[in-house]
Amino acid sequence: QRLTLRALRMLLLVAVPTLMGMALVATPLVQITYGRGAFDAAAASLTAMLVICYVPSLLTEVVRLVIVTLFFANARPGPAICYGLLRVICLTAAYALSWESYGAIGMVVSLSIVDLIGASFLMTMAHKMLDLRFASLSSFLVRLGLATGLALLFAWLGLSGAELILE
């Protein structure tokens, strides 16, 4: 239990700031990567929005990988398989309902919502079946979120100041 929570903390320590930074620089990142004639301004803007909307799903992927691996390591693959099947069914239904009205943004938001709900399901099952306690993880996530948010705020302010100087 201690090693699992430590591994989860270490993965989140890398993933949270990286993904938050990716969300912060999504627009310039997409413009540099695809804006050389392959995408027009509207397509680059939509792609940057999709990158930002996909961040919660990527964060839940970190948690999912650790917990699913733990279920298989303890010879209890049932919850992991159940989660995978439910995820496919829910995503298929969510995509069918959201594509007509919201397009790609609706699909990515649906994915993030299904993944957030699924991660809480997996964490509940890990708590009940494997006696894994996530209480210490919540205070870590709050501190990490605050530190990452402050660092990103200062980075954004620095980028904004640099843009003003260059103009």
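Student: Which residues form a nonpolar patch on the surface?

Tutor: The model is a predicted one. In it, the nonpolar surface patch consists of M10, L13 and V14, which together have about 280 Å² of accessible area.

Student: How is the chain as a whole built?

Tutor: The chain has five helices and zero strands, so its elements run α-α-α-α-α from the N terminus on. Its C-alpha trace spans about 60 × 40 × 20 Å along the principal axes. Of its 167 residues, 32% are buried. The accessible surface comes to about 10300 Å², and 72% of that belongs to carbon and sulfur atoms.

Student: Which residues touch the most other members of the largest nonpolar core?

Tutor: They are L8, L12, I67, F71 and F134, in a core of 25 residues. Two or more residues are given to this core by each of α1, α3 (41-73), α4 (78-130) and α5 (135-166). Helix α3 provides the largest share, eight residues.

Student: What does F71 touch beyond four places away in sequence?

Tutor: F71 touches R76, P77, P79, A80, L122, M125, A126, M129 and L130.

Student: Why is T47 called buried?

Tutor: The relative accessible area of T47 is 19%. Buried means under 20%, so T47 falls within that class. T47 is found in helix α3 and touches V30 and F39, leaving aside residues up to four places away in sequence.

Student: What makes the approach of T47 to A43 a polar contact?

Tutor: A polar atom of the T47 side chain lies 2.8 Å from the backbone oxygen of A43. The cut-off for such a pair is 3.5 Å, so the distance meets it.

Student: How many salt bridges does the structure hold, and how do you know that R64 and E61 form one?

Tutor: The structure holds three salt bridges. Side chains of opposite charge can pair when their charged atoms come close. For R64 and E61 the N to O distance is 2.5 Å; the limit is 4 Å, so the pair qualifies. The two residues are three apart in helix α3 and are therefore separated by about one helical turn. R64, at 18% relative accessible area, is buried, whereas E61, at 25%, counts as partly exposed.

Student: Are R87 and D115 buried or partly exposed?

Tutor: D115 has a relative accessibility of 1% and counts as buried. R87 has 24% and counts as partly exposed.

Student: Which residues meet in a salt bridge at 2.8 Å, N to O?

Tutor: They are R133 and D131. With a limit of 4 Å, this pair too qualifies. R133 is partly exposed at 41%, and D131 is partly exposed at 39%.

Student: Where is D131 found, and what is its phi?

Tutor: D131 is found in the loop between α4 and α5. Its phi is positive, about 55 degrees, although D131 is not a glycine.

Student: Why is A75 called exposed?

Tutor: A75 has a relative accessible area of 64%. Exposed means over 50%, so A75 belongs to that class. A75 is placed in the loop between α3 and α4. A75 also has a positive phi of about 55 degrees without being a glycine.

Student: What share of contacts joins residues at least 24 apart in sequence?

Tutor: The share is 76%, taken among contacts in the chain between residues at least 6 apart.

Technical notes
Residues are numbered from 1 along each chain as its sequence is written. This is a predicted model: local features need pLDDT of at least 70, side-chain atom pairs count only at pLDDT 80 or more; totals for chains, interfaces and linings use all residues. Side-chain values use heavy atoms; hydrogens and water are left out. Patches are made of residues with over 30% relative accessible area and no salt bridge: like charges are joined within 9 Å, nonpolar side chains (Val, Leu, Ile, Met, Phe, Trp, Tyr) within 5 Å. Accessible areas come from the Shrake-Rupley method with a 1.4 Å probe; for residues, only the protein chains shown count as cover. A salt bridge is a side-chain nitrogen of Lys or Arg within 4 Å of a carboxyl oxygen of Asp or Glu. A nonpolar core is a set of buried Ala, Val, Leu, Ile, Met, Phe, Trp, Tyr and Cys residues joined through side-chain atoms within 4.5 Å. Buried means under 20% relative accessible area, exposed over 50%, partly exposed in between (1.4 Å probe, protein chains only). Helices (H or I, at least four residues) and strands (E, at least two) are DSSP runs, numbered from the N terminus. Contact means heavy atoms within 4.5 Å. A polar contact is a pair of N or O atoms within 3.5 Å; within protein, one must be able to donate a hydrogen and the other to accept it, and residues adjacent in sequence count only if both atoms are side-chain atoms.
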